Amino acid sequence: MNGKYEISFKVPISMCDYRGRLSYADAASIFLNMASEDAESRGLGVSAMPVMNFFWLTLRARYRFHRMPACLEEITVRTWIGRMKSALCNRYYTITKGDELLVEGKTEWAVFDTVAGRLASPVAEEFKTQAYLDETVCDGAKYRVSKDFGADSLLGKYMVSSADIDIGMHMNNVAYLRAVLSLFTTEQLSALDIREIDVNYHTPSLEGDELSIYKRD
């Protein structure tokens, strides 16, 4: 293994938005699926982690969109992991067509010890001997957003349903993107012309929770 996991396929219509292009949330979903497949091939996936009493936590995600590929356009998706720092690591992603970079992403992960109820430190030997790469994408300073949102900035409410729940029994990472974007009309989304999404995960949401989603210009 050279450290990168790669697949090529045509963008399915089920992943396309009203413009006939890969949707923002589905790009994030592709990255999540790739991370799962790569982790599984390394012996650190959904079948192995529970046996070791570990769980992968996503702390942060950033997605940068240069050009969203069209329906049935053939793309290549790659993912790889940076070096572990204690129980933390970054995973990187790209979607390309030939030499053209279409989408890039980065997620920050932590290894959680389900028995101790805290981050695994030090991490097990299985994590230290992986094929890590120093190559990075989606770099840049972290965004810091003030919690000062007034009541008049409420965009809408979202009820977490069973369709949003993943195998960890909390709201799936990508479901947050779908929830937020669903409160914008197609006309508003076209005007926004989103180029970057930065997500911080603080507290898990559970089935039945009502989320208040705020917008500030």
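Biologist: Why does D26 count as buried, or what is its relative accessibility?

Modeller: The relative accessibility of D26 is 10%, and buried means under 20% relative accessible area, exposed over 50% and partly exposed in between, with a 1.4 Å probe and protein chains only as cover, so D26 counts as buried. The model is predicted, with residues numbered from 1 along each chain as its sequence is written, and local features need pLDDT of at least 70, while side-chain atom pairs count only at pLDDT 80 or more. Totals for chains, interfaces and linings use all residues, and side-chain values use heavy atoms, with hydrogens and water left out.

Biologist: What makes the contact between the side chains of D26 and R178 a salt bridge?

Modeller: The N to O distance between D26 and R178 is 3.1 Å, and a salt bridge is a side-chain nitrogen of Lys or Arg within 4 Å of a carboxyl oxygen of Asp or Glu, so the pair of D26 and R178 meets the rule. This pair links distant parts of the chain, as D26 lies in helix α1 and R178 in helix α3, 152 residues apart; helices (H or I, at least four residues) and strands (E, at least two) are DSSP runs numbered from the N terminus. R178, at 39% relative accessible area, is partly exposed.

Biologist: Why are R62 and D198 placed in separate accessibility classes, and what are their values?

Modeller: R62 has a relative accessible area of 4% and is therefore buried, whereas D198, at 22%, counts as partly exposed.

Biologist: How do you know that R62 forms a salt bridge with D198?

Modeller: The closest N and O atoms of R62 and D198 are 2.9 Å apart, so the distance falls within the cut-off and the pair counts. R62 in strand β2 and D198 in strand β8 (residues 196–200) stand 136 residues apart, which links distant parts of the chain. R62 and D198 also belong to a network of salt bridges together with R60, R64 and E196. In the whole structure, the search finds 18 salt bridges.

Biologist: How do the residues lining the second largest cavity divide by class?

Modeller: The lining has one nonpolar, one polar and six charged residues, where Ala, Val, Leu, Ile, Met, Phe, Trp, Tyr, Cys and Pro count as nonpolar, Asp, Glu, Lys and Arg as charged, and the others, Gly among them, as polar.

Biologist: What is the volume of the largest cavity, and which classes make up its lining?

Modeller: The largest cavity has a volume of about 90 Å³, and its lining includes F31, W109 and Y201. Two or more lining residues come from each of α1 (24–41), β2 (54–65), β5 (100–113) and α3 (173–181). That lining divides into nine nonpolar, three polar and no charged residues.

Terms used
On a 1 Å grid over the protein atoms alone, a cavity is a set of points where a 1.4 Å probe fits but cannot get out, and a pocket is an open set with protein on both sides within 12 Å along at least five of seven lines; lining residues have an atom within 4 Å of a point. Grid points are joined across faces, edges and corners, and a volume is the space filled by probe spheres set on the points.
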